[in-house]
Amino acid sequence: MSLSWIAVDAMTGYQICDLPNLDVPVIGESLCDYWSGAAELPLPTAPREWRQATNQWATYLVLLEDDLPIWGCWVTTRKPNDGNVVPLTIATWEAYLDKRYCGSTSYNQAIYTSIAEGVIRSFVQPSGPAFLLDVQPGTTRGDLNAQDADDRTVLSVMKEMSGRESGPEWTVDWTLTDDNRYLPIFRIAPRIGVGAGDLPPAAVFDMPGCLTEFELAEDWTDKRGANDVMAVAIPDGNERLTSGHIAITDPIRPKLELRWTPSTSITQQSTLISHALNRLAATVDGSNTWKLTASAIAAPKRGKDWDLGDDIGYHITAPSVSEFLPDGSFNPVYGVARCIDWEYDMDDETVTPTLYSLDDLETTGGA
C-alpha cells in the first residue's frame with residue numbers, strides 16, 4: 001500500500017502538483033457533518049506552486065492510496081511564519097456547505113432524498129466547486145419551507161433534515177474520473193452505510209484482539225438523556241403546537257425534561273407526537289458512545305470491511321465495563337452500534353471508529 005498527497009484545483013478537479021512531504025497526522029470523517037483537523041507543509045521541500053496548492057477554499061488536498069483517491073479536504077486557514085513549516089487548518093468537503101446559504105424554497109410531502117438533492121442543486125452547485133452528486137432514491141416524505149430572509153446555511157438545513165425521523169443522510173467520497181479529475185462525490189441516501197439487522201456485522205473490534213484502547217461515554221448531557229420530552233412546532237402567531245408531555249416514570253431518576261423543535265415545517269400534532277415518542281425511546285436510557293482505538297494493521301479495514309454509517313460489532317473484556325464471574329474472570333461486553341465518525345492516526349497507524357448506540361449494554365450470560 002502506497003500513500004501520497006496531491007493538491008487539486010477545486011474549481012476543475014485537475015491536479016496542481018504533488019505534495020510529497022505534506023504532514024497530516026490525523027484524518028477523519030463524520031456522518032452528516034464535517035470533520036476538521038491540522039496539517040503542516042515543510043517549505044524546504046515544498047513545490048514551487050505551494051501557495052497555489054494551499055490556497056484557502058481554492059484547492060483540495062487529496063490523499064491517494066496506490067494512486068487512487070481515498071480522502072480529501074479543503075485548506076481553511078494558512079499561517080506562514082518565520083519558520084520553515086507552514087501550519088494549515090483543514091476540513092472535509094462538507095464544511096463548504098457552511099459557506100453557502102439556503103434561499104427561499106418549498107417542498108410539501110416530497111421524498112426526503114429529493115428535497116436534499118434539490119437544496120444542493122439549487123444552492124450549492126451554482127458558482128460552486130467541482131463535485132459530483134449521487135442520490136439514492138428514498139420512500140419517506142417530509143416538508144421543507146425555507147426563506148432567504150431566514151439566513152440559514154445549507155449545512156444547517158441539511159443537518160436539520162438529517163436529524164428528523166427517517167430524514168436523509170449524506171457524506172462525501174472521492175473518485176478519479178475518466179478524464180483524470182480528482183473529485184468529491186456528495187452522496188445522499190435514506191441511510192449511509194449498511195445495517196446489520198438480523199445478520200452479524202461484517203466487522204468486529206475486540207479486546208483482547210485488535211483494540212489497543214477504548215472509551216465508553218455514558219452520556220446524559222446535551223439532550224442525550226431525558227425521561228419527559230415535548231416536541232414543539234414553530235409558533236404561528238400566538239399559537240404554539242406541541243406534542244404534549246411524552247414521559248415515562250424512571251424509578252431511579254427525577255424528571256429530566258427535553259423540549260426541542262424537530263423541524264421548522266411541522267403543522268400536524270400527530271407528527272410532533274411521533275417525533276416525541278421516538279425521541280423518548282432514544283433518550284430514556286441516555287446514550288452510549290464507544291471510541292474504539294485499534295491497530296490499523298490488525299483491525300478490520302475501513303473501505304473494505306466497514307465504513308462510515310455501517311453497523312459495527314464490539315466484544316470487550318475489560319474491568320471498567322465487564323462484570324465478574326464467580327471464578328474471578330471477566331464477563332465480556334458485546335453488542336452492535338453504528339459508526340458515526342472515524343479517525344486515522346497516520347503516525348501511530350491506529351484507526352478509531354466512534355460507535356453510537358441507543359441500546360443498553362449487552363453482556364454474555366455465562367463464561
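Guide: A surface patch is built from residues with over 30% relative accessible area and no salt bridge, where like charges are joined within 9 Å and nonpolar side chains (Val, Leu, Ile, Met, Phe, Trp, Tyr) within 5 Å. The areas come from the Shrake-Rupley method with a 1.4 Å probe, and for residues only the protein chains shown count as cover. A salt bridge, which excludes a residue from a patch, is a side-chain nitrogen of Lys or Arg within 4 Å of a carboxyl oxygen of Asp or Glu.

This is a predicted model, in which local features need pLDDT of at least 70 and side-chain atom pairs count only at pLDDT 80 or more, while totals for chains, interfaces and linings use all residues. Residues are numbered from 1 along each chain as its sequence is written, and side-chain values use heavy atoms, with hydrogens and water left out.

On those terms, Met1, Leu3 and Ile70 make a nonpolar surface patch of about 290 Å². Methionine 1 sits in the segment before strand S1 (3–9), strands (E, at least two residues) and helices (H or I, at least four) being DSSP runs numbered from the N terminus. With 70% relative accessibility methionine 1 counts as exposed, a class that begins over 50%, whereas buried means under 20% and partly exposed lies in between (1.4 Å probe, protein chains only).

Aspartate 347 belongs to the loop between strand S22 (333–345) and strand S23 (350–357), and its relative accessibility of 55% makes aspartate 347 exposed. Glutamate 349 lies in the loop between S22 and S23, where 40% relative accessibility places glutamate 349 among the partly exposed residues, and its phi is near 55 degrees, a positive value in a residue other than glycine. Most residues other than glycine have a negative phi.

Turning to the charged pairs, the structure holds 13 salt bridges. One of them joins glutamate 117 to arginine 121, with the closest N and O atoms 2.9 Å apart; both lie in helix H2 (residues 112–123), four residues apart, about one turn of the helix. An α-helix has 3.6 residues a turn, so residues three or four places apart point the same way. Glutamate 117, at 22% relative accessible area, is partly exposed, and arginine 121, at 40%, is partly exposed.

Another salt bridge, at 2.5 Å from N to O, brings arginine 187 to aspartate 173. Arginine 187 is in strand S12 (residues 182–189) and aspartate 173 in strand S11 (residues 169–176), so the pair ties together parts 14 residues apart in sequence. Arginine 187 is partly exposed at 26%, and aspartate 173 is partly exposed at 29%. Asp134 joins Asp173 and Arg187 in a network of salt bridges. In the loop between S11 and S12 lies asparagine 180, which is exposed at 52% relative accessible area and has a positive phi of about 65 degrees although it is not a glycine.

Aspartate 311 lies in strand S19 (residues 311–316) and arginine 191 in the loop between S12 and strand S13 (204–207), so the parts tied together are 120 residues apart in sequence. Aspartate 311 is buried at 18%, whereas arginine 191 is partly exposed at 30%.

H2, S11 and S12 return as cover for helix H3: together with strand S10 (141–146), they are included in what covers its buried residues, where contact means heavy atoms within 4.5 Å. Helix H3 (residues 154–162) is mostly covered, with seven of its nine residues buried, among them Val154, Leu155, Glu160 and Ser162.
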